[in-house]
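Q: Hey, I've got a protein model open and I'm a bit lost. Can we go through it together?

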Amino acid sequence: MPNDSKNNIMFRPEFDGACYFVHMNIPRSEGSNDYPYRGGMYIQKAIADQIGIDPKTVETQDDFYEMLKKIKEGGFKDINGNPVYPLGPRYWGGSLASTDQYVVANYKFGLSADFNVDENGKVKHEAETDYIFKQIDFFKKLLAEDLIHPEYFTIDSTRAEELSRNNSSAVIADIHNYIDLFKTNEYLPVGPLKNYKGEVVNLKKSKAGYAGWAIPSTTKNPEEVVKFCDYLATEEGKLLWMYGIEGKHYKMVDGKPIVEQSMLDLMEEDHKAAVDTGIFMDGAGSYWLTFIGSTDVDNVEDFGEMSYGENTDPHQYDFAKKLYEYKDIPIKYIDGFGAFAYLQDNPELEPQLKPLLEQQNYDDIRVKAIFAKSDEESRKIIENYREQLKKADIEKFEEFLEKKYKEDPESINFY
């Protein structure tokens with residue numbers, strides 16, 4: 001069982017050996033439910049070819065900046081004949097938090113809810129370091145030189161997707177290799193950029209879970225509920241809610257399910273009808289049973305495929321896999337919770353700190369500083385935020401995190 005599942009959710013010390021919440025979607029072994037998934041920045045292949053840059057060699061903020069300048073100098077046009085934006089927003093709409101790990105990766109102080117351990121072993125929030133100014137200055141430079149879409153941080157999802165499908169962004173700030181855009185438009189992954197330690201690494205949670213269930217104290221015969229959920233988590237149970245009825249929705253060949261083509265067509269053509277089948281269909285159909293049946297996950301070992309329907313059409317994800325394999329990136333698995341999760345263990349600090357530390361608020365502060373009229377005004381905005389954090393006793397919370405981390409380094413996913 002993962003460290004966070006065992007110690008922070010299911011068998012917390014105050015539960016005195018009892019279990020009240022069942023954490024789900026835990027892989028059978030480290031990496032056994034890892035899709036060949038690659039999110040992040042992607043560049044139009046034709047533009048990369050014309051400016052003479054292999055996008056996988058772009059690893060520093062300077063590399064990235066110089067690439068964007070070359071794109072602007074190239075005067076490229078989208079499918080409607082309009083100038084392309086060197087850097088466009090994420091495919092799903094404007095955001096800072098969802099893209100900063102890619103666009104300003106050199107300046108991102110770790111990934112644990114903006115907290116990390118500095119070179120002196122002290123826990124700090126990113127806003128208390130100089131990394132926040134490096135991020136702000138980089139985005140301000142891109143805006144000043146028209147290297148980024150002016151609504152990069154705020155554009156709605158519909159217009160952002162339209163930009164991507166019209167090839168209006170030379171570089172999409174965040175998209176992943178399974179989006180159908182790549183079936184008709186050639187793109188290549190950029191980088192990834194090195195992290196603040198100077199490493200190119202793909203950080204993944206170790207045997208981490210998500211979602212979960214609990215039985216209310218008023219439930220009659222709770223043992224029957226547990227038996228039902230136990231059944232759903234067996235290979236036979238999973239086969240039922242993931243694939244449906246043998247002979248109708250799939251057939252078994254050499255012990256592995258082969259999904260009927262009609263089911264794959266339904267998944268693509270009629271979302272409501274797919275949901276009405278009650279079958280999971282890898283998330284395209286009915287979803288609710290995953291919250292009580294999906295754990296001990298190893299789809300390849302159990303069913304011979306990572307994604308629903310691969311046994312039927314083994315080549316359907318070939319291009320997505322090629323994009324994933326475009327650059328070999330070392331994987332590092334980390335355990336533990338994000339630092340923000342431990343705020344609930346500090347009820348005396350939570351009321352004043354939580355509103356300040358919530359991602360949306362931190363993003364709003366940074367975006368406000370990015371659009372400030374001067375560097376001096378940007379710094380005043382950040383200094384004011386730092387003062388608010390200090391008044392809310394962030395130092396006490398950091399001392400708590402530091403103590404917990406020293407007692408058990410795997411309890412918090414600092415990196």
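Q: Let's start with β10 and β11. How many residues sit between them in the hairpin?
A: Two residues lie between β10 and β11 in that hairpin. One to look at in the turn is Asp 254, which has a positive phi of about 55 degrees. Keep in mind that this is a predicted model.

Q: Okay, and which way do the two strands run, parallel or antiparallel?
A: They run antiparallel, with β10 covering residues 250-253 and β11 covering residues 256-259. Four bridges join them.

Q: What stands opposite Lys 251 over in β11?
A: That's Ile 258.

Q: Switching to helices. Which residues of α8 are buried?
A: In α8, residues 235-243, the buried ones are Gly 237, Lys 238, Leu 239, Trp 241, Met 242 and Tyr 243.

Q: And what covers them?
A: The cover includes α7, β10, β11, α11 and α12.

Q: What happens just after α8?
A: Gly 244 comes there, with a positive phi of about 95 degrees.

Q: You mentioned α12. Which helix is Asn 299 in, and is Asn 299 buried or exposed?
A: Asn 299 is in α12, which spans residues 299-303. It counts as buried because its relative accessible area is 11%, and the cut-off for buried is under 20%.

Q: Who does Asn 299 touch, skipping its close neighbours in sequence?
A: Leaving out anything within four places in sequence, Asn 299 is in contact with Ser 32, Tyr 35, Met 242, Gly 304, Glu 305 and Met 306. Met 242 is one of the buried residues of α8.

Q: What lines the largest cavity?
A: Asn 299 is in the lining, along with residues including Met 242, Tyr 243, Phe 280, Glu 305 and Tyr 308. By class, the lining has six nonpolar, two polar and two charged residues.

Q: And which residues line the second largest cavity?
A: Asn 8, Arg 12, Phe 337, Ala 341, Tyr 342, Gln 344 and Asp 345 line that one. They split into three nonpolar, two polar and two charged.

Q: Now pockets. How much space lies in the second largest pocket?
A: About 330 Å³. Its lining has 19 residues, and Met 10, Cys 19, Val 22, Met 24 and Trp 213 lie nearest the centre.

Q: Which elements give two or more residues to that lining?
A: β1 (22-23) and α7 (222-232) do. The largest share, three residues, comes from α7.

Q: What kinds of residues are they?
A: The lining of the second largest pocket divides into 15 nonpolar, two polar and two charged residues.

Q: Last topic, the largest nonpolar core. Which members touch the most others?
A: Phe 64, Met 67, Ile 71 and Leu 87 do, out of 64 residues in that core. Helix α5, residues 131-144, supplies the largest share, six residues.

Note on methods: Residues numbered from 1 in each chain as written. Predicted model: local features only at pLDDT ≥ 70, side-chain atom pairs only at ≥ 80, totals over all residues. Heavy atoms only, no water. Core = buried A, V, L, I, M, F, W, Y, C linked by side-chain atoms within 4.5 Å. Buried < 20%, exposed > 50% of the residue type's maximum accessible area, 1.4 Å probe, protein only. 1 Å grid on protein atoms, 1.4 Å probe; cavity = no way out; pocket = protein on both sides within 12 Å on 5 of 7 lines; lining within 4 Å. Points joined across faces, edges and corners; volume = space filled by probe spheres on them. Nonpolar A, V, L, I, M, F, W, Y, C, P; charged D, E, K, R; others polar. Pairing = 2+ DSSP bridges. Contact = heavy atoms within 4.5 Å.
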